[in-house]
Amino acid sequence: TVAEVWAAKAALNGKEVVVRGKVVKFLGGIMGRNWVHIQDGTGAEGANDLTATTDQTAAVGDVVTIKGMLAVDKDFGSGYMYAVIVEDAKVVKK
């Protein structure tokens with residue numbers, strides 16, 4: 001779950017994770033990649049959203065599974081700082 005990834009972020013840093021959730025935000029073509037935000041109803045405020053970068057697309061409302069490498073405290077510059085992010089994710093629509 002999203003909450004489990006946030007809770008175990010230190011142990012999962014650099015490891016592959018798989019999480020299923022609903023797309024709540026999609027931003028395409030920023031810094032050469034697409035940005036997908038998913039939520040699954042778990043986690044407290046501030047730890048209930050998981051962001052993934054991908055070369056695939058998704059629409060807000062899609063239920064998807066994301067699979068990729070977890071990175072912690074990732075700073076892309078230009079104001080893009082993420083405590084938890086899944087990089088180079090594969091996105092599969094359900």
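**Entry: ground rules**

I number residues from 1 along each chain as its sequence is written. Because the model is predicted, local features need pLDDT of at least 70, side-chain atom pairs count only at pLDDT 80 or more, totals for chains, interfaces and linings use all residues, and side-chain values use heavy atoms, with hydrogens and water left out.

**Entry: confidence**

I checked pLDDT, the predictor's confidence in each residue, from 0 to 100. The protein averages 96, and 100% of the residues score at least 70. I then looked at the elements, where helices (H or I, at least four residues) and strands (E, at least two) are DSSP runs, numbered from the N terminus. The lowest mean pLDDT among them belongs to E5, at 95. The highest belongs to helix H2 (residues 9-12), at 98.

**Entry: the barrel**

How many strands make the closed barrel? I find five, in the order E1-E2-E3-E5-E4, with mixed pairing. Two strands pair if DSSP finds at least two bridges between them. The twist averages 45° from one strand to the next. For such angles, axes are lines fitted to C-alpha atoms (for helices over the stretch in contact), and angles run from 0 to 180 degrees between N-to-C directions.

I went through some of the pairings.

- E1 and E4 run antiparallel and are joined by seven bridges. Here Val18 has Lys67 in E4 as its bridge partner.
- E2 and E3 are antiparallel too, over five bridges. Trp35 stands opposite Thr53 in E3.
- E3 and E5 run parallel, with two bridges between them. Ala52 stands opposite Val86 in E5.

**Entry: strand E3**

Is E3 enclosed or open? I used relative accessible area: buried means under 20%, exposed over 50%, partly exposed in between (1.4 Å probe, protein chains only). Five of the five residues of E3 (residues 50-54) are buried, so the strand is largely enclosed by the rest of the structure. In a regular strand, side chains alternate between the two faces of the sheet. I looked at each face of E3 in turn. Leu50, Ala52 and Thr54 are buried on one side. Thr51 and Thr53 are buried on the other, and both faces are covered.

**Entry: aromatic rings**

I counted four aromatic pairs. Rings of Phe, Tyr and Trp (its six-membered ring) pair if their centres lie within 6.5 Å; planes under 30 degrees apart count as stacked, over 60 as edge-to-face and the rest as tilted.

Why is the pair of Trp35 and Tyr82 called stacked? Their ring centres are 5.5 Å apart and their planes meet at 25°, so the pair is stacked. The pair links distant parts of the chain. Trp35 is in strand E2 (residues 33-39) and Tyr82 in strand E5 (residues 80-93), 47 residues apart. Trp35 counts as buried, at 1% relative accessibility. Tyr82 counts as buried as well, at 15%.

Ring pairs link Trp35, Phe76, Tyr80 and Tyr82 into a cluster. I also noted a charge beside Phe76: the charged end of Lys74 sits over its ring, 5.5 Å from the centre. The rule is NZ of Lys or CZ of Arg within 6 Å of the ring centre and within 35 degrees of the ring normal.

**Entry: salt bridges**

Side chains of opposite charge can pair when their charged atoms come close. My cut-off for a salt bridge is a side-chain nitrogen of Lys or Arg within 4 Å of a carboxyl oxygen of Asp or Glu. By this rule I count three.

I took Lys67 and Glu16 to start; their side chains meet at 3.9 Å, N to O. Lys67 lies in strand E4 (residues 63-77) and Glu16 in strand E1 (residues 16-30), so the pair ties together parts 51 residues apart in sequence. Lys67 is partly exposed at 39%, and Glu16 is exposed at 51%.

Next came Lys93 and Asp62, at 3.8 Å, N to O. Lys93 lies in E5 and Asp62 in the loop between E3 and E4, so this pair ties together parts 31 residues apart in sequence. Lys93 is partly exposed, at 48%.

Then I looked up Glu87 and Lys74, whose closest N and O atoms are 3.5 Å apart. Glu87 lies in E5 and Lys74 in E4, so the parts they tie together are 13 residues apart in sequence. Glu87 is buried at 17%, whereas Lys74 is partly exposed at 28%.
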